[in-house]
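Subject: Structure handover

Dear colleague,

Here is the structure you are taking over. Please keep it open while you read the notes under it.

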Amino acid sequence: MQTTSDVLMIRPVRFLSNPQTTASNAFQNRERDAAEAQRAALAEFDAYVDALRDCGVNVLVVDDTHEPHTPDSIFPNNWLSLHADGRALIYPMEAENRRQERRQDILDAIGKQFDLRRAIDLSPFERDGHYHEGTGSMVFDHSARIAYVCRSTRSSERVMEAVEREIGYRPFWFGAADRAGKPIFHTNVMMSVGRALAVVCLESVADAGERRALRHSLQQGGKRVVDIGYRQLECFAGNMLELSAADGAPVFALSRQAWAALTAEQQGLLSREARIALAPIDTIERLGGGGARCMVAEIFLPRRSVAQP
């Protein structure tokens with residue numbers, strides 16, 4: 001099952017540009033006014049939730065807490081993935097203040113609607129300096145059981161080995177860098193894999209052999225490769241996510257900035273394949289350094305026949 005119609009999103013209460021992540025995230029910019037950053041991010045978050053729901057996606061919204069201060073809590077996919085066999089994987093995070101995003105009450109809220117049978121905590125890898133930030137670090141091709149992973153300080157071979165043992169996905173490692181030659185911090189910034197399409201910035205993969213192998217692997221998995229360039233990458237066009245509506249229709253979720261960066265041909269291809277949920281999230285992208293995909297944790301868990309109180 002490559003896509004799901006159920007997602008988790010965390011509503012921000014103290015959003016701002018996280019000073020602990022700027023060293024590895026070249027997409028971040030600093031804000032001038034923290035109150036204005038929160039106000040704008042909250043409005044953008046609510047509009048994105050509405051856009052997803054209008055397309056038929058079921059969104060479970062959990063509010064962030066004022067304390068402890070977790071400026072990046074709006075990006076839950078980095079600490080949590082939720083799988084069809086009832087398991088949750090909890091990941092080791094590079095920034096210390098991001099580790100506080102891992103909350104038992106969020107898992108409890110999920111468990112009221114879904115059959116969450118077991119949580120597997122990989123966060124102890126942090127003690128040895130190994131970080132692997134969920135479906136930021138990994139882009140899953142569920143049908144082929146492959147995890148695409150670009151090398152960075154936020155991806156770890158040791159943690160990936162543990163993920164492979166738990167869920168059986170084979171890693172496909174490669175190097176990817178931005179226009180300035182800096183390693184791309186999260187794989188989901190430069191690629192997205194859906195049921196029939198794979199959007200990927202092949203230009204960011206400098207090694208010609210790795211670039212060919214990446215394209216070949218995606219095509220072997222039955223995906224049509226939609227190649228985007230650096231300009232589109234910088235507008236978060238790689239940070240889109242294919243979901244499904246409750247009625248089974250495919251849905252592409254991406255930001256308005258990302259949509260505008262696509263060519264008319266690419267827009268037409270996506271529009272023919274799926275409904276389009278556009279997120280007006282300029283503030284979140286500019287200050288948080290993450291986009292529409294980063295804000296969504298997919299829920300593949302089985303639904304409970306009767307929700308718990």
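The notes below go from the whole chain to one helix, the cores and the cysteines.

This is a predicted model, in which local features need pLDDT of at least 70 and side-chain atom pairs count only at pLDDT 80 or more, while totals for chains, interfaces and linings use all residues. Residues are numbered from 1 along each chain as its sequence is written, and side-chain values use heavy atoms, with hydrogens and water left out.

Whole chain. The protein chain has nine helices and 15 strands (DSSP runs, H or I of at least four residues for helices and E of at least two for strands, numbered from the N terminus). Its radius of gyration is 18 Å, close to the 19 Å that the globule rule gives for 309 residues, so the chain is as compact as a globular protein of that length (taken over C-alpha atoms; the rule is 2.2 Å times the number of residues to the power 0.38). Of the 309 residues, 59% are buried (under 20% relative accessible area; exposed is over 50%, partly exposed in between; 1.4 Å probe, protein chains only).

Helix 4. This helix spans residues 157-167, and its buried residues are Val159, Met160, Ala162, Val163 and Ile167. They lie on the same side of helix 4, because they cover an arc of only 155° around the axis (from the directions between the helix axis and the C-beta atoms). Glu157 and Arg165, on the other side, are exposed. The cover over the buried residues includes strand 4 (87-90), strand 6 (138-141), strand 7 (146-150) and strand 8 (170-174) (contact means heavy atoms within 4.5 Å). After helix 4 comes Gly168, with a positive phi near 80°.

Cores. The largest nonpolar core has 40 residues, and those touching the most other members are Tyr148, Phe174, Met190, Met191, Leu214 and Leu218 (a core is a set of buried Ala, Val, Leu, Ile, Met, Phe, Trp, Tyr and Cys residues joined through side-chain atoms within 4.5 Å). Strand 10 (residues 197-200) gives the most to this core, four residues. Another core, of 29 residues, lies apart from it and includes Met9, Leu241, Leu287 and Val296.

Cysteines. The whole structure has zero disulfides (pairs of cysteine sulfur atoms within 2.5 Å). For Cys55, the closest cysteine sulfur is in Cys294 at 19 Å, too far for a bond. Cys201 is in no disulfide either, with the sulfur of Cys150 nearest at 11 Å. Cys55 counts as buried at 11% relative accessibility, and Cys201 counts as buried at 0%.

Regards
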